[in-house]
Every structure is written in structure tokens, then in C-alpha cells.
Amino acid sequence: MAERSEHRQQSPSTQSLTSATEPRGLEALVSRAARAGKGPAPVERWNPDFCGDLDMEIKADGTWFYLGTPIGRMPLVQLFSSVLRKDLDGKTYLVTPVERVGIRVVDAPFIAVEMNVSGSGDEQVITFRTNVGDVVAAGPGHPLRFVDEDETGGLKPYVLVRGRLEALVARAVMYELVGHGEEIDIDGKTMFAVRSGGEIYPIMPAEKLKRQSA
């Protein structure tokens, strides 16, 4: 009875994020994330103490897991994603004004699941929608980068969403993106690249693309 009384006296704001291994702790985490505000919270301005790691993981396909179980409620995933931050140490955290806890991210925290292209040439803008509802136009502040996947010989494009958080461009969307590529001379070298927001993003040397397509 005394133990129950002690739990009743703890408010959600005083329960540790790392106590979220219990249902009440997860409710407290949800409560604090919700109070951070609608849309992405100003996590870059917060400097709370580190409170340990949470058993939460974002898989390579963008699925969020908690205690080894997929989080099936999209509003909950969107809520957690709004208080996500990646720091200079390379680790990803859930951040509230009073606490910071580490989570695991297999690849990128978001997946770009849809894209739209408007304009052409230097006026072309490529806009992406992520699996958690972020909409970003590639360009200044939201660069694209392309990484060779050594294991498969494939290509993995990423777009910066906010802070240091990137979205991996889904494979189907990647094919659509590459379809808007063109050969562009960059520093005297012919590159296969895409344009967006007045910027040019090289994908690979044009010669390499021709070899792969032969």
C-alpha cells in the first residue's frame, strides 16, 4: 500500500524517462513529449541532463520498436519524432525540456516515402514527404547526399530533414529521383546529378553510370 501511495505522489513530470519500461513510465514520456508542443519541438535549444538509454529502436525501414515490439500507433510515433535530436556524438535522443534519453537508430530516423517535382532546370524543386509527415524541399538547409551501398552495389540517397536528422529515400522513390538526374559539369568533371532549390547534388560520375548501365 505504501508503494502505491508513493507512485501516486509522483507526477508525470518527475518520473524519469528511463522508467518507461513500465506502462506508467511510457505514459509519462508521452505526456512530456505532448507538452513540448505540436510539430517539431525546439529541441536544439534545450540542454537537459542525460538520463540513460531507453529500449526504443528505429529499424532501417523506419519502424519504431519499444521493448522489442513495434509501435503501431502512428500518432504516437509522430509525437516521439517531434522531440528527436541527433547530437555531435552521433547518437540520437528523445529530448524534453527536463530530460534526454538515448535511443537506437539502425540507419536514418525517417524514410522519405513520396516526392514531388516542380519547375525545371535551375528552378526545379524536389519536395519529399517522410513517413512521419515531415515535408521538406531539397535545397539550402535540406541537402541531398548519395551513399554507395557496398554490400549490394546500390545507392542510398538521404535528405536532411532538420538538425542532424536525415530521411533515407525509399527505394521506389529513389528510382523516381534518379529519373530526374542529368549530366552536369562540376569542377571540370561530368557528373550524373540532380538539381533542386538552386543547388546541384552529384550522384555519381557519368562514366560510372554508363558502365553500370551497359
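Biologist: Buried means under 20% relative accessible area, exposed over 50% and partly exposed in between (1.4 Å probe, protein chains only). In which of these classes does Phe 50 count?

Modeller: This is a predicted model, in which local features need pLDDT of at least 70 and side-chain atom pairs count only at pLDDT 80 or more, while totals for chains, interfaces and linings use all residues. Residues are numbered from 1 along each chain as its sequence is written, and side-chain values use heavy atoms, without hydrogens and water. Phe 50 has a relative accessibility of 42%, so its class is partly exposed.

Biologist: How many aromatic pairs does a search of the whole structure find?

Modeller: Rings of Phe, Tyr and Trp (its six-membered ring) pair if their centres lie within 6.5 Å, with planes under 30 degrees apart counted as stacked, over 60 as edge-to-face and the rest as tilted. Across the whole structure, the number of aromatic pairs is two.

Biologist: What is the geometry of the pair formed by Phe 50 and Tyr 93?

Modeller: Phe 50 belongs to strand β1 (residues 49–58) and Tyr 93 to strand β5 (residues 92–95), so the pair ties together parts 43 residues apart in sequence; helices (H or I, at least four residues) and strands (E, at least two) are DSSP runs, numbered from the N terminus. Tyr 93 is buried, at a relative accessible area of 4%. Because the ring centres are 5.9 Å apart and the planes stand at 85 degrees, the pair is edge-to-face.

Biologist: How are the rings of Trp 64 and Phe 80 arranged?

Modeller: Trp 64 lies in strand β2 (residues 64–66) and Phe 80 in helix α3 (residues 74–81), so this pair joins parts 16 residues apart in sequence. Both Trp 64 and Phe 80 are buried. With 6.3 Å from centre to centre and 20 degrees between the planes, the aromatic pair is stacked.
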